[in-house]
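Hello,

Here is the structure I promised to pass on to you. Have a look at it first, and then read my notes below alongside it.

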Amino acid sequence: MTELTSQGHDELQHYLSRATRGLWGRQREQVRSELEEHLLEHAGGLIVFGTHPDEALSRAIRELGPPERMCSAMNQVYLMPKVIQFSAFSACCALLVTLSLSLPGQGHAQVAVTNLNVDKPVCAVSSAGMKSSNMIEVLSQKGNLYCYRFRSGNSSYYFDLNSLERTLKPLGVTVSRLGNRTALKFPDARQSTTLRTALDRNGDRFARLQELPFNFVGSGLPVTVTGWTNPVVQVGRISFTLGDASAPAPASVIYESVLLDVIHDLNLGGQGVAVSSRANPASPKLPYFNHTVHVDAPAGTVIGIFSRDARGLPLIDEAPVGAGGRVSLYAPREKLRFVTDAAELTPHLSGGRGQALLVRLTGLIASPDQRQKGKYVIIRPLEEASDGVR
Amino acid sequence: MNPEQLRGNLDLILLSVLEREALYGFRIMQEARTRSDGYFEFREGSLYPALHRLTLDGLLVTEDREMGRNGKPRRYYLLTPRGREVLERKRAEWSEFKGAVDRLAHSAS
């Protein structure tokens with residue numbers, strides 16, 4: 001490998017980050033690797049003839065051309081068919097004016113979402129102790145503090161904060177940064193709302209998709225989500241779409257967060273909660289029963305289900321209503337009876353059936369009054385019981 | 001050389017370079033320069049978008065081979081059967097064009 005000083009290394013990484021801006025996931029990694037190899041090989045050839053490594057790299061970068069031009073050309077190859085009449089060159093300008101993946105014809109701005117594997121250990125305090133299992137590997141222990149990692153990788157969905165900024169600015173949202181925090185002041189908002197950068201990869205900043213409801217609550221405006229794949233988020237009168245066809249953004253991650261709030265509103269929390277994690281591709285096969293339930297709600301309405309397993313641990317799951325008003329939901333019990341009072345959800349079988357409660361999500365994910373009531377309505381399905389299948 | 005001429009014939013040049021053997025980006029650029037006796041000086045930034053476009057169009061495929069200087073596999077480009085067909089067609093078009101220009105340019109002399 002070509003040896004670089006830290007200055008050369010920084011210059012290289014800065015160039016690669018700018019030249020590949022707007023590309024996604026593996027595509028971006030491949031282009032980045034290819035350009036890196038090109039620059040190192042070119043620089044290596046110059047070093048052989050006596051050029052200082054940093055100067056050799058700078059020259060190789062100059063000859064490859066401005067990163068904005070490379071970025072623009074690569075985005076034309078990969079993104080232009082989706083971004084009709086959109087200037088790829090402006091998308092890559094150093095001032096980050098664009099690349100919001102705006103789709104003017106559809107009336108919605110678009111924010112990039114990606115699934116990233118963050119292979120960092122997670123540390124947690126556990127008085128009950130932790131052991132390695134088929135899901136996790138315990139890496140270290142100090143007293144009650146355990147550090148572990150997920151065997152299948154710790155992948156999560158993130159939305160791109162740079163993309164969010166570029167999308168919201170033309171819509172009249174004022175953006176300012178302080179350290180790893182980004183403040184957004186929406187046109188009708190009394191105050192700014194603050195987003196924290198959860199992950200920074202060479203200047204590409206990401207926030208967790210599951211935290212999106214909390215990210216905008218500070219605006220004091222109602223925040224709604226509609227749709228299941230590539231949902232539309234509306235903050236006051238500003239709206240944008242998450243992800244696109246090539247990088248689907250699962251709304252279930254957001255609805256799951258809302259249901260976690262609802263579960264406290266229903267007084268079902270306390271000893272922990274299990275979530276079905278439908279959207280996580282690294283999830284092991286779910287050990288639950290699948291119940292197809294008939295509800296009186298239009299297709300696309302998102303339904304949440306709460307139930308308890310034999311230990312009393314609540315499980316939440318969520319899914320959109322399909323054709324004929326049917327929705328498929330997970331529960332830990334094979335046979336269910338539906339109730340409309342959360343107090344009736346017990347760890348015990350009654351008449352051979354566990355209990356479950358259904359809610360219809362309204363789409364409101366952050367409320368100006370910061371209460372949960374407007375986010376859900378308890379519903380009764382058309383049949384009072386259900387037999388699930390594995 | 002006139003950059004416009006290079007741009008207009010970039011696909012023909014790249015497909016021709018890859019006709020003999022699979023190569024990776026930097027070597028493609030060097031090969032084009034060597035085989036044209038230094039005539040084709042690529043603006044390097046145009047090389048990779050063109051290679052990726054030809055790959056998306058199904059004229060090239062890629063293959064990861066030996067480790068490069070960055071410790072990752074080098075990405076080689078190979079001509080597909082469709083790429084060969086397109087190369088032949090572009091060659092024929094070029095010959096026809098060149099013949100017409102030659103005839104026109106030399107008609108006065």
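Helix α6 (residues 161-168) of chain A lies across β1 and β14 of chain A and runs at about 165 degrees to β1(A). Helices (H or I, at least four residues) and strands (E, at least two) are DSSP runs, numbered from the N terminus. Axes are lines fitted to C-alpha atoms, for helices over the stretch in contact, and angles run from 0 to 180 degrees between N-to-C directions. Two residues are in contact if their C-beta atoms, placed from the backbone, lie within 7 Å.

Before going further, a word on the source. This is a predicted model, in which local features need pLDDT of at least 70 and side-chain atom pairs count only at pLDDT 80 or more, while totals for chains, interfaces and linings use all residues. Residues are numbered from 1 along each chain as its sequence is written, and chains are lettered from A and ligands numbered from 1 in the order in which they are written.

Back to the sheet. β1(A) pairs with strand β14 (residues 238-242) of chain A in the parallel sense, over three bridges; strands pair if DSSP finds at least two bridges between them. In that pairing, A:Ala109 stands opposite A:Phe240 in β14(A). Both strands belong to an open sheet of five strands in chain A, in the order β1-β14-β13-β12-β22, with mixed pairing. Its edge strands, each pairing on one side only, are β1 (109-111) and β22 (364-366) of chain A. On average, neighbouring strands of this sheet are turned by 35 degrees against each other, direction ignored.

Elsewhere in chain A, strand β20 (residues 335-339) has two pairings to look at. With strand β24 (residues 385-387) of chain A, the pairing is antiparallel over three bridges, and A:Lys335 stands opposite A:Asp387 in β24(A). With strand β21 (residues 354-361) of chain A, β20(A) pairs in the parallel sense over four bridges; here A:Leu336 stands opposite A:Gly354 in β21(A).

There is a helix pair to find as well. The axes of helix α1 (residues 6-19) and helix α4 (residues 67-78), both of chain A, come within 7 Å and cross at roughly 35 degrees. A:Tyr15, A:Arg18 and A:Ala19 in α1(A) meet A:Pro67, A:Met70 and A:Cys71 in α4(A). By class, this contact has five nonpolar, no polar and one charged residues (Ala, Val, Leu, Ile, Met, Phe, Trp, Tyr, Cys and Pro count as nonpolar, Asp, Glu, Lys and Arg as charged, and the others, Gly among them, as polar).

Chain A has eight helices and 24 strands, and 40% of its 390 residues count as buried (20 or more other C-beta atoms within 10 Å of the residue's own, with C-beta atoms placed from the backbone). Chain B has five helices and three strands, in the pattern α-α-β-α-α-β-β-α along the sequence. Of the 109 residues of chain B, 27% count as buried.

Finally, how do the chains meet? The contact takes 17 residues from chain B and 21 residues from chain A. On the side of chain B that touches chain A, α3 (25-35), α4 (44-56) and β3 (73-79) of chain B each supply at least two residues. The most come from α4(B), with seven residues. The residues of that side of chain B divide into four nonpolar, six polar and seven charged.

Best wishes

Note on methods. A residue is buried if 20 or more other C-beta atoms lie within 10 Å of its own, exposed if 12 or fewer, and partly exposed in between; C-beta atoms are placed from the backbone.
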